[in-house]
Amino acid sequence: LADLRWAWRMPDGTPRTVRAHLVPIAAAERSDGAVLVVEDVTEREARDAQALRADKLDLAARLAGGIAHDLNNLLTIVRASAATLTAAPPETVRAIDEATQRGARLTRRLLAISGRDVHEPVHQPVAPLLAGAADLMRRVLPPGITLVTGDAAVRGRLAMDRDAVEQALFNLVMNARDALGDRGTIRLGFEARVVDGTPWAVIAVSDDGPGMPPEVLARASEPFFTTKPAHLGTGLGLAIVRDTMAQHAGRFVLTSTPGAGTRAELWFPVAAGDLPTPPEGTAVPAPRHSPPPRPRHAALAGRHVLLIEDEFLVRFSTERIIAGFGATVTSVDSVEAALAWLARGEPVAAIITDVMLPGASGLDLLRTLRAQGARTPVLLVSGYAAEEVERLLADDGDAAYLGKPWEVDALEARLAALVGRRSG
C-alpha cells in the first residue's frame with residue numbers, strides 16, 4: 001500500500017488532510033505483517049508549507065537585495081556624471097535624471113521584496129499622487145479596459161512614501177488588468193471615512209471582473225501565492241501592498257465576490273486638519289525631478305573629506321562631485337585603508353562611506369571611530385538602511401544616512417549640515 005493522502009471534511013464542514021501508510025511489524029515470529037496507520041496531518045503540512053514559503057521568501061530577499069545594491073551603484077554613477085555636464089542642453093540632463101529616478105523606483109520594488117526598503121513618509125497632497133498613478137496606469141492598460149478616476153478636486157494631504165504607495169497602486173491595477181483580460185473597467189478613487197471616531201483616508205482600486213472565491217481570497221496576500229501561470233505572476237504583488245500599508249500604520253482591505261469583481265482599499269491614518277483639503281490656492285510642490293537650484297554651502301569650502309567606496313566608477317564620480325562643492329577629497333576603497341590613512345593624523349572635516357564594503361563595513365568604521373572617542377562626522381551611504389543603521393544613527397548626532405542613488409543637492413546639503421554642526 002502506497003503512502004496516500006486525501007482531503008476530508010469534518011461534520012461541521014472543516015477541511016482536513018488525512019494520510020494513510022503501512023508500518024511493518026518488527027516481530028520475530030512475523031516478517032510479513034504491517035499496521036495500517038491513518039492520521040490527521042493538516043497542521044503538520046500547513047507548517048511544512050509555511051516553512052517552504054519562508055525559505056523561498058528568504059532566497060528572493062537575498063537575491064533582490066543584491067541586485068538592488070548593484071543597480072543603485074550604477075544609478076549613482078549616472079546621476080553624479082549627469083550633474084557634471086556643462087555643455088549638454090538642460091532638457092537632456094533632466095531626461096537623464098528622470099531615467100535614474102525611474103531606475104531608483106525599480107530598486108525600491110526590489111528592496112520591498114527583500115524587506116530592506118527605506119520608508120520615507122513625507123506630508124504631501126494626494127491629488128498629484130492619484131493623477132500621476134492614473135497617467136502611468138493608462139499607458140499599460142489594453143484599449144478594451146477603461147480606467148475611471150474619482151473626484152479630480154481631491155486636495156487632502158497624507159504622510160506617505162510616494163514611491164511605495166505608487167508601487168502598491170500599480171500592483172493592484174496590474175492584478176485587476178490580469179483578472180479582466182481584454183475588456184472591463186477599473187476604478188481608482190479616494191474618500192474620507194470615520195470609523196469609531198477615528199478619521200481615515202481610503203484609496204481604492206476596484207474592477208468588475210470575475211472576482212475570487214473565498215479560498216483564494218483568504219490567501220491572496222500570502223507571499224508567492226498566485227493563481228496565475230508561472231510565467232505571468234510571482235505571487236508577491238499583494239504581499240508588497242500589505243507590507244507597504246503596515247509601514248504606513250494603515251490597513252490593506254481586500255474584498256471580492258465571485259462574478260461581481262474585486263475591491264482593494266488602502267487605509268491611511270489621517271492627522272487633524274489634513275482632510276478634507278488645504279485651502280484653495282495652496283501651492284503644489286514642484287515635481288521631484290526638477291528641484292530649484294540650491295546655493296553652494298560655504299561650510300564645505302576648503303574642507304577635507306575622506307571618501308570610502310569600493311566601486312571604482314562610483315568613487316570616481318563622487319570625487320568629482322565633492323570637489324565641485326569646493327572641498328578637497330581623499331578616496332580609498334576599504335575601511336582598512338581609511339583607518340590607516342586616519343592613523344597618520346591628517347585633518348578631516350567629514351567621512352563619506354558606503355555601508356556595504358568588502359571586509360569591514362561602513363557601520364564597523366563608525367563603531368571603531370566612536371570607540372576611539374573620535375566625533376568626526378560620518379555620512380553613511382547605501383541603497384538601503386537596515387534597522388541596525390537606524391538604531392545607531394538615532395544616538396549619534398554626528399552621523400547621517402543618505403540613500404543611493406542620491407541627488408547632488410541632497411549630498412551637498414547632508415554633508416554641509418554635518419560639517420556645520422561640528423564647526424558651529
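Thanks for coming, everyone. What you see is a predicted model, where local features need pLDDT of at least 70, side-chain atom pairs count only at pLDDT 80 or more, and totals for chains, interfaces and linings use all residues. Residues are numbered from 1 along each chain as its sequence is written, and side-chain values use heavy atoms, with hydrogens and water left out.

Let's begin with the core. A nonpolar core here is a set of buried Ala, Val, Leu, Ile, Met, Phe, Trp, Tyr and Cys residues joined through side-chain atoms within 4.5 Å. Buried means under 20% relative accessible area, exposed over 50%, and partly exposed in between, with a 1.4 Å probe and protein chains only. The largest such core has 39 residues, and Leu 169, Phe 252 and Leu 266 are among those with the most contacts inside it. Helix α4, residues 162–180, gives the most to this core, with nine residues. Helices (H or I, at least four residues) and strands (E, at least two) are DSSP runs, numbered from the N terminus.

So which residues does Leu 266 touch? Not counting residues up to four places away in sequence, its partners include Ala 168, Leu 172, Ile 203, Met 245 and Arg 251.

Now to a strand residue. Thr 185 sits in β7, residues 184–195, and counts as buried because its relative accessibility is 17%. Beyond its neighbours within four places in sequence, Thr 185 contacts Thr 146, Val 148, Leu 180, Ser 206, Asp 207 and Asp 208.

Next, the sheet. Five strands form an open sheet in the order β12-β11-β13-β14-β15, with parallel pairing. Strands β12 (328–332) and β15 (399–403) are at the edges with a single partner strand each, so one side of each has no neighbour in the sheet. Two strands pair if DSSP finds at least two bridges between them; β11 (304–308) and β13 (350–354) pair over four bridges. Val 305 stands opposite Ala 350 in β13.

Finally, two helices. Helix α8, residues 335–342, packs on the sheet, touching β11, β12 and β13. Helix α9, residues 362–371, lies across β11, β13, β14 and β15. How do α8 and α9 meet? Val 335, Leu 339 and Leu 342 of α8 meet Gly 362, Leu 365, Thr 368 and Leu 369 of α9. Their axes, lines fitted to C-alpha atoms over the stretch in contact, with angles from 0 to 180 degrees between N-to-C directions, come within 10 Å and cross at roughly 30 degrees.

How values were computed: Contact = heavy atoms within 4.5 Å.
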